[in-house]
Amino acid sequence: MKFYKTISVILHPIVIPTIGVILYFLLIPNYLNSKQKLILLSLIFTITYVIPLFVLILFKKLKLIKSFNVNSIKERKVPIAIMIVLFYLLGNTLFRVTPLDDLGLLFYATCGALVFIYLLFAFSLKTSIHLASMGITTGFFLIIGAKYNHSFPIIVIASILLSGILANARLHLKAHTTTEVYLGYFIGFLSPFITFYFL
């Protein structure tokens with residue numbers, strides 16, 4: 001059980017965006033110097049990790065959620081709505097800057113996936129955001145690979161394998177049903193492709 005909890009923490013949805021951006025900077029040539037990359041990474045980390053964590057801590061103190069796992073659909077609605085706004089604003093900001101438009105695509109795609117997950121609450125589906133974040137990572141690097149005519153097989157394969165391990169962990173922890181796990185991954189995976197098509 002401890003292993004499954006550890007995997008869920010390491011591959012938590014608020015951690016994945018920062019990891020994705022670090023991988024992007026390592027793999028894709030760009031015009032940013034080290035200082036600019038660090039500033040941008042700090043901004044992204046603050047918006048996608050620090051603020052969501054602060055919101056969860058605040059909600060826990062106000063007893064709006066029972067635990068940081070945010071188990072029920074009712075508890076998830078406001079935090080996810082806040083995340084939708086944050087990711088949209090971040091995507092909108094980055095997409096306007098030419099060297100950063102790829103990252104704008106990433107955060108627009110994340111926003112889109114979260115909107116779809118939010119809509120599924122109406123059908124009593126608590127879609128796995130853990131798996132959605134991994135699906136987004138896989139789809140994003142496939143698109144980036146096609147865009148720059150340079151595939152990233154190690155990243156894609158590792159992402160898929162980790163997704164399988166994470167899905168297994170979420171099921172063992174009884175955090176989601178099989179349907180919610182599969183839905184999460186495929187919503188996440190398709191979101192970058194749909195976003196890329198419309199942008």
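**Helix packing and its surroundings**

Tutor: Helix α1 (residues 2-10) and helix α7 have axes that come within 9 Å and cross at roughly 125°. This arrangement makes α1 oblique to α7; angles under 35 degrees count as roughly parallel, over 145 as roughly antiparallel, 65 to 115 as roughly perpendicular, and the rest as oblique. The model is a predicted one, in which local features need pLDDT of at least 70 and side-chain atom pairs count only at pLDDT 80 or more, whereas totals for chains, interfaces and linings use all residues. Residues are numbered from 1 along each chain as its sequence is written, and side-chain values use heavy atoms, with hydrogens and water left out. Helices are DSSP runs (H or I, at least four residues), numbered from the N terminus. Axes are lines fitted to C-alpha atoms over the stretch in contact, and angles run from 0 to 180 degrees between N-to-C directions.

The crossing of α1 and α7 is left-handed (the near helix is turned anticlockwise from the far one by less than a right angle; clockwise would be right-handed). On the α1 side, the contact (heavy atoms within 4.5 Å) is made by F3, Y4, I7 and S8, and on the α7 side by I165, L166, N168, A169, R170 and H172. These residues divide into 6 nonpolar, 3 polar and 1 charged, where Ala, Val, Leu, Ile, Met, Phe, Trp, Tyr, Cys and Pro count as nonpolar, Asp, Glu, Lys and Arg as charged, and the others, Gly among them, as polar.

A second pair is formed by α2 and α5, whose axes are 11 Å apart and which pack at an angle of about 155°. The two helices α2 and α5 are therefore roughly antiparallel to each other, and their crossing is right-handed. P17, V21, Y24 and F25 of α2 meet D102, L103, L106 and F107 of α5. This contact of α2 with α5 comprises 7 nonpolar residues, no polar ones and 1 charged one.

The largest nonpolar core has 38 residues, among which V21, L40, I44, L94, L103 and F107 touch the most other members. A nonpolar core is a set of buried Ala, Val, Leu, Ile, Met, Phe, Trp, Tyr and Cys residues joined through side-chain atoms within 4.5 Å. Buried means under 20% relative accessible area, exposed over 50%, and partly exposed in between (1.4 Å probe, protein chains only). At least two residues of this core come from each of α2 (16-27), α3 (34-61), α4 (73-95), α5 (101-119), α6 (129-147) and α7 (153-172). Helix α5 supplies the largest share, 8 residues. Its residue L103, neighbours within four places in sequence left aside, is in contact with V21, Y24, F25, L40, I44 and L94. A second, separate core of 11 residues includes I7, M134, A167 and Y185.

Two loop residues complete the picture. N149 lies in the loop between α6 and α7, and its phi is near 55°, a positive value in a residue other than glycine. N149 is exposed, with a relative accessible area of 72%. K174, in the loop between α7 and α8 (178-198), has a phi near 60°, likewise positive in a residue other than glycine. K174 counts as exposed at 75% relative accessibility. For context, most residues other than glycine have a negative phi.
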